Structure formats: C-alpha cells, structure tokens
Amino acid sequence: MGFFDKVKDAAGSAMAAASDVAKNVQDAGKEMTEKARLNKAIKNEETKMNNLYMVIGQKLFNANATAPDGYEDQFIGINNAKTEIERLKKELNSMADASSCPQCGAKVGTSQPFCQGCGAKLTSAAPVQAVQPTTQPEQPTQSEQPTQSEQPSDDSSTITEINNEVVDSSKCPQCGVAFGEGQTFCEGCGAKLVASPTSEIE
C-alpha cells in the first residue's frame with residue numbers, strides 16, 4: 001500500500017470517528033430535550049395536584065368552626081396569619097392616609113389644616129375643632145391669699161399664664177389644640193409655639 005493510500009485510509013477513519021461523535025452528541029441532545037419535556041410535564045401535574053390539595057384544605061377549614069382532630073396546629077396557623085394580614089392592611093391604610101407638607105416635607109394627617117413642622121396652611125385638610133382657652137379664675141381676697149409656705153410648687157405644673165390668661169401649656173394658646181413635645185408650630189392654627197412649657201409667671 002502506497003503512502004497516499006495510507007493517508008486516505010487515515011482520513012476516512014478520522015471522518016468516520018467524527019461522524020460518530022457528532023451522532024452521539026446529537027443523540028445526547030435529543031435525550032436531554034426529552035428529559036426536560038418530561039420534567040416539565042411532571043412539574044405541571046404536581047402543580048395541578050397541589051392546587052387541588054389547597055382547595056380541599058380551604059373547604060375543610062371553612063366547613064369547620066373548630067379544628068378537627070389532628071388539624072389543630074394548621075387551624076391555629078391559618079387564624080394567626082389572617083390576624084396578621086388584617087394588622088398589616090390597617091398599617092398600610094394608615095400610611096396611605098398620611099401625606100407630606102409641600103413646604104417642609106413633614107408627615108401630616110389628612111385632617112390637619114396646618115403643618116406642625118413649619119406652620120404652613122394645608123389647603124386639602126379639614127379644619128381642626130378648636131378648644132377655647134381656659135379663662136382666668138377669680139382672684140382670692142386678701143384674707144384668702146395663701147402664705148408663702150402654702151404656695152403650690154410650680155415644678156410639676158403644666159399651667160402657664162400668657163397675656164394675663166391661664167392656659168394649659170400643653171395646648172396652643174391661640175386655638176387650644178394639644179401639641180406634642182418638640183412641636184414647633186400648631187397643627188390647628190399654624191401659630192408658632194413657645195419652646196418652654198414651664199416659663200416663669202409674670
């Protein structure tokens with residue numbers, strides 16, 4: 001056999017081997033595709049079965065006011081989840097009801113006519129019911145004036161005299177709406193609030 005014949009035979013053998021490899025790869029690809037198809041079909045049937053299980057479980061829960069024997073933990077878990085869902089819905093609704101002041105960005109309620117952060121008027125809010133300041137009580141006569149030792153302590157008092165009127169220092173002196181500690185402006189009328197609720201009586 002000549003040299004060229006040997007080369008020809010070697011080339012033929014290499015081509016046959018390459019063809020076998022390609023066929024094997026093609027067969028393996030077909031097998032993988034078929035396996036993927038079967039796995040997907042199995043997954044779909046499992047999903048259908050689980051959905052039917054859920055329907056059966058829901059019917060069982062709705063048909064029983066109390067948990068049947070052996071289902072106590074599941075019934076407790078469902079009731080706890082329903083309670084938590086209601087709580088989260090209420091929290092979400094309260095967040096939706098709140099808005100922001102267009103001037104300073106502070107969180108304000110839908111019923112606030114004024115921002116408690118900067119005192120700006122909130123045009124979309126309903127007016128807050130004002131509370132009239134407490135009127136000044138009658139002054140006692142000279143004989144009824146307490147002695148110095150009988151004077152009450154001002155340390156725990158929340159009453160302050162402003163413009164000769166006795167008012168609760170935790171309420172706005174203009175409209176009487178209560179305000180919290182650190183609040184700069186009244187949310188009822190927009191008035192600037194006195195920083196210290198324990199200012200001296202003039």
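With 14% relative accessibility, phenylalanine 61 counts as buried (under 20% relative accessible area is buried, over 50% exposed and in between partly exposed, with a 1.4 Å probe and protein chains only). Phenylalanine 75 is buried too, at 7%. The model here is a predicted one, where local features need pLDDT of at least 70 and side-chain atom pairs pLDDT 80 or more, while totals for chains, interfaces and linings use all residues. Residues are numbered from 1 along each chain as its sequence is written, and side-chain values use heavy atoms, leaving out hydrogens and water.

Back to those two rings. The count comes to 1 aromatic pair, taking rings of Phe, Tyr and Trp (its six-membered ring) with centres within 6.5 Å, called stacked if the planes are under 30 degrees apart, edge-to-face if over 60 and tilted for the rest. Phenylalanine 61 and phenylalanine 75 make up a tilted pair, with 4.9 Å between centres and 45° between planes. The pair ties together distant parts of the chain, 14 residues apart: phenylalanine 61 sits in helix 1 (residues 3–62) and phenylalanine 75 in helix 2 (residues 72–97). Helices here are DSSP runs (H or I, at least four residues), as are strands (E, at least two), numbered from the N terminus.

Then come the salt bridges, 5 by count, each a side-chain nitrogen of Lys or Arg within 4 Å of a carboxyl oxygen of Asp or Glu. Glutamate 84 meets arginine 87 at 2.7 Å, N to O, and arginine 87 meets glutamate 91 at 3.3 Å. Glutamate 84 and arginine 87 are separated by about one helical turn, because they are 3 residues apart in helix 2. Arginine 87 is partly exposed at 41%, and so is glutamate 91 at 40%. Over in helix 1, lysine 35 and glutamate 31 are 4 residues apart and form a salt bridge of 3.5 Å.

Glutamine 112 is found in the loop between strand 2 (107–108) and strand 3 (159–162). At 9% relative accessibility, glutamine 112 is buried. Its side chain makes a 2.9 Å polar contact with the side chain of glutamine 116 (a pair of N or O atoms within 3.5 Å; within protein, one must be able to donate a hydrogen and the other to accept it, and residues adjacent in sequence count only if both atoms are side-chain atoms). A polar atom of that glutamine 112 side chain also lies 3.1 Å from the backbone oxygen of phenylalanine 114.
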